[in-house]
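Here is a short note to read alongside the model. Please keep the sequence and the 3D view open while going through the points.

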Amino acid sequence: MARAATVERLLTEHPGSVAIHHDLSEVAQGRVRRSVHDVTGVLDNADVRLAHGCVTCTVREDLIPQLVMLAPNAELLIVDLWDSVEPRSVAEVIDCDEAHDLLRLTAVLTALDAEAMPDDITRGERLSEVGKPAAAGDQRYLAEVLARQLEYPTGLVLHGGDEEDRELSRAVLAHLVPVTPIHSIDSLPPVTGAAVCTGELAERVDPATAQLPCEAETDEIVTAVWRTRRPLHPARLFDAVDAL
């Protein structure tokens, strides 16, 4: 799994670092499992109560106290988010005023399976259909969540697949997020530098400020841009999606 491999690589490259992960595989039963581990293995496991019935609230409210507690003795703190949790809400909580004295957000990475990504970004299944819901009744679509995970971070990490898979993934990403650096698992970006600005990251996913795609063609991948002065009709667009 790309996410787990990236976390393990970061732990190995930064001695004294610690990773925190919230397992949401049993969230439909109201159970969230938090684990803390370093390069030697698991340091702590605990069940976390689902706050207000909201997974995002639970992760945020449990995460910050854990990070603050671990910060004095850790070289690097790695927040290992569940696959279908979007990074923006967690990143902005880490960057909030209350945590600024002890915590500094230095990078947001999205780890991608090079073999699966080109298919996943076009799939029509909901998260519940692929076994990755972030809450009971999660109605979001896999491609919808993946798109925001691609647009928001400071860097993307490709893992797995063969050379052809990686070339195709890079070509797709060059169309979708042309300004975001793409790294391999063997050459991760620096993650201990200056703080990143979550306001600037938010602008990447805000419809009012997001960078619009440009027309481009790379072998079999084509980005087409339609321009019209007529108002967008959401229902007509939805009806046309399959044909497009």
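1. Basis. This is a predicted model, in which local features need pLDDT of at least 70 and side-chain atom pairs count only at pLDDT 80 or more, while totals for chains, interfaces and linings use all residues. Residues are numbered from 1 along each chain as its sequence is written, and side-chain values use heavy atoms, with hydrogens and water left out.

2. Core. The largest nonpolar core has 31 residues. A nonpolar core here is a set of buried Ala, Val, Leu, Ile, Met, Phe, Trp, Tyr and Cys residues joined through side-chain atoms within 4.5 Å. Buried means under 20% relative accessible area, exposed means over 50%, and partly exposed is in between (1.4 Å probe, protein chains only). Which members touch the most other members? They are Leu24, Leu67, Val90 and Ile94. Two or more residues each come from strand E1 (18–23), strand E2 (31–38), helix H2 (55–70), helix H3 (87–94) and helix H7 (198–205). H2 gives the most, with six residues. Helices (H or I, at least four residues) and strands (E, at least two) are DSSP runs, numbered from the N terminus. As background, nonpolar side chains tend to be buried together in soluble globular proteins.

3. Salt bridges, the rule and the count. A salt bridge is a side-chain nitrogen of Lys or Arg within 4 Å of a carboxyl oxygen of Asp or Glu. By this rule the model has 18 salt bridges.

4. A bridge between strands. Asp44 pairs with Arg34, and their closest N and O atoms are 3.4 Å apart. Asp44 is in strand E3 (residues 41–49) and Arg34 is in strand E2, ten residues apart. Are the two partners buried or exposed? Arg34 is buried because its relative accessible area is 9%, whereas Asp44, at 34%, counts as partly exposed.

5. A bridge between loops. Lys132 forms a salt bridge with Asp83, the closest N and O atoms being 3.0 Å apart. Lys132 lies in the loop between helix H4 (117–120) and helix H5 (142–151), and Asp83 in the loop between strand E4 (77–80) and H3, so the pair ties together parts 49 residues apart in sequence. Lys132 is partly exposed at 22% relative accessibility, and Asp83 is partly exposed at 26%.

6. A bridge within a helix. Arg166 and Glu163 meet in a salt bridge of 3.4 Å, N to O. Both residues lie in helix H6 (residues 163–176), three residues apart, about one turn of the helix. Arg166 has a relative accessible area of 28% and is therefore partly exposed; Glu163, with 44%, is also partly exposed.

7. A network. Salt bridges link Glu86, Asp138, Arg140, Glu144 and Arg148 in a network.

8. Surface patches. Patches are made of residues with over 30% relative accessible area and no salt bridge; like charges are joined within 9 Å, and nonpolar side chains (Val, Leu, Ile, Met, Phe, Trp, Tyr) within 5 Å. A patch of negative charge includes Asp113, Glu115, Asp162, Glu217 and Asp219. Glu217 is in strand E8 (residues 216–218) and counts as exposed at 61% relative accessibility. Trp226, Leu232, Leu237, Val241 and Leu244 make a nonpolar surface patch of about 620 Å². Leu244 is in the segment after helix H8 (234–240) and is exposed, at 65% relative accessibility.

9. A positive phi. Asp219, in the loop between E8 and strand E9 (221–223), has a phi near 50°, a positive value in a residue other than glycine. Most residues other than glycine have a negative phi. Asp219 is exposed, with a relative accessible area of 67%.

10. Pairs apart in sequence. Thr192 lies in the loop between strand E7 (182–184) and H7 and is partly exposed at 41%. How many residues along the chain separate Thr192 from Thr106? The two are 86 residues apart, with 6.0 Å between their C-alpha atoms. Ala136 is in the loop between H4 and H5 and is exposed, at 56%. The C-alpha atoms of Ala136 and Glu26 are separated by 9.3 Å, and the two residues are 110 residues apart along the chain.

Conventions:
Accessible areas come from the Shrake-Rupley method with a 1.4 Å probe; for residues, only the protein chains shown count as cover. Lys and Arg count as positive and Asp and Glu as negative; His and the chain ends are not counted. The place of a charge is taken as NZ of Lys, CZ of Arg, CG of Asp or CD of Glu.
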